[in-house]
Amino acid sequence: SSDLKYLIRVSGLKMSLLDNGTLGGAGGRRGFNGNGNILEKFDAFISKSIPALMPIAKTCLLSTYFEDGLRMILQHNAQARYIKTLWRGSYSFAYTFIVINCLIQLIPATLILCRKQVRVAIGCLFAAAIFQTLIYKMWHDVTFFLRILAVVGGLCFVLADELNQASNIFSLAFTTSVNKSSNWLQLAGRLLIIFMFLTLIRFDSTLRIIVELIGLVLVGAVAIGFQTKRCASALVLILFCENMYFNAFWMVPMNKNRFDFTLFDFFQTLSVIGGLLMIVALGPGDVSLDKSKKSI
């Protein structure tokens, strides 16, 4: 009938308009939303870059352990005097601490990069963080404590990655259990790693206030797992710029006391950048808003 032919023509016209993007179909959304294309391209770039990104992330994450271990070796006499004075003990005690501190940082960090005995190595680095806090009596220093927690958060992502690798080998039942552990480790890592950003907050200029407020929003998004990879990438950029500007240890004379503190802050921040890169590579895990949105 003529009515049926009319409906067919109208339906065909609507489908044509949808395909062309005129009525807001997928093509229309792409046409009107240029940002969508940019973000999609960014996501695709990250996905392709994961094989190269993981080694970079781990190297940055472990850099603070290499720096601290090597500094202990190069400055062993000064470190020994400091420990001896701090604890009112002997040089034997001080040098024993230095040797142990070097061993439980340099060897495990190297093993992780070589993907050998990763879980044991992570346990050693956890122990090193606790060991240093106790020996240097830094438990009362809030900034130091928060930064140690942030570095530990980065190690949670290394352990989560190791568990994910193991789950690809073993049975389905084991894989399910491992995935749950990995997801909770990723949540713990996201929550702990934001502490570093909190220790860097300064409101000493208008520009700094704007940057810090943007950073706080991004940190909150990473913590709850919302647009996690994109927000973590933005935080990497912010922390990298702040690190190069505020922790430029190469601009400080080596004979100044400030040199060691600036060097320490630089590599601590670089370690957290590595943790954020791990988030970019691994994603937020199942315990996140991103995963909840996909499930819906």
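What is the handedness of the crossing where H9 passes H10? It's left-handed, and a crossing gets that label if the near helix is turned anticlockwise from the far one by less than a right angle, and right-handed if clockwise.

Before going further, some ground rules. This is a predicted model, in which local features need pLDDT of at least 70, side-chain atom pairs count only at pLDDT 80 or more, and totals for chains, interfaces and linings use all residues. Residues are numbered from 1 along each chain as its sequence is written, and side-chain values use heavy atoms, with hydrogens and water left out.

So how confident is the predictor? pLDDT is its confidence in each residue, from 0 to 100. The chain averages 81, with 82% of its residues at 70 or more. Helix H5 (residues 91–113) has the highest mean, 93, and helix H1 (residues 2–20) the lowest, 44. Over residues 2–32 pLDDT stays under 50, and the model has 10 contacts there beyond four places in sequence; a contact means heavy atoms within 4.5 Å. Where pLDDT is low, the predicted coordinates should not be read in detail.

Helices here are DSSP runs (H or I, at least four residues), numbered from the N terminus. Their axes are lines fitted to C-alpha atoms over the stretch in contact, and angles run from 0 to 180 degrees between N-to-C directions.

| Pair | Axis distance | Angle |
|---|---|---|
| H5 and H6 (residues 118–135) | 8 Å | about 145° |
| H9 (residues 206–224) and H10 (residues 228–246) | within 9 Å | roughly 140° |
| H10 and H11 (residues 257–282) | within 9 Å | roughly 165° |

Angles under 35 degrees count as roughly parallel, over 145 as roughly antiparallel, 65 to 115 as roughly perpendicular and the rest as oblique. H9 and H10 are therefore oblique to each other, while H10 and H11 come out roughly antiparallel.

The H9 and H10 contact residues split into 11 nonpolar, two polar and three charged. (Ala, Val, Leu, Ile, Met, Phe, Trp, Tyr, Cys and Pro count as nonpolar, Asp, Glu, Lys and Arg as charged, and the others, Gly among them, as polar.)

H10 and H11 also cross left-handed. Their contact has 17 nonpolar, five polar and two charged residues.

H5 and H6 make a left-handed crossing too.

Finally, salt bridges: a side-chain nitrogen of Lys or Arg within 4 Å of a carboxyl oxygen of Asp or Glu. The count is seven. One of them joins Arg71 to Asp68, with the closest N and O atoms 2.7 Å apart. Because they sit three residues apart in helix H3 (residues 34–74), Arg71 and Asp68 are separated by about one helical turn.

How values were computed: pLDDT = per-residue confidence, 0-100. Helix = DSSP H or I, 4+ residues; strand = E, 2+ residues; numbered from the N terminus.
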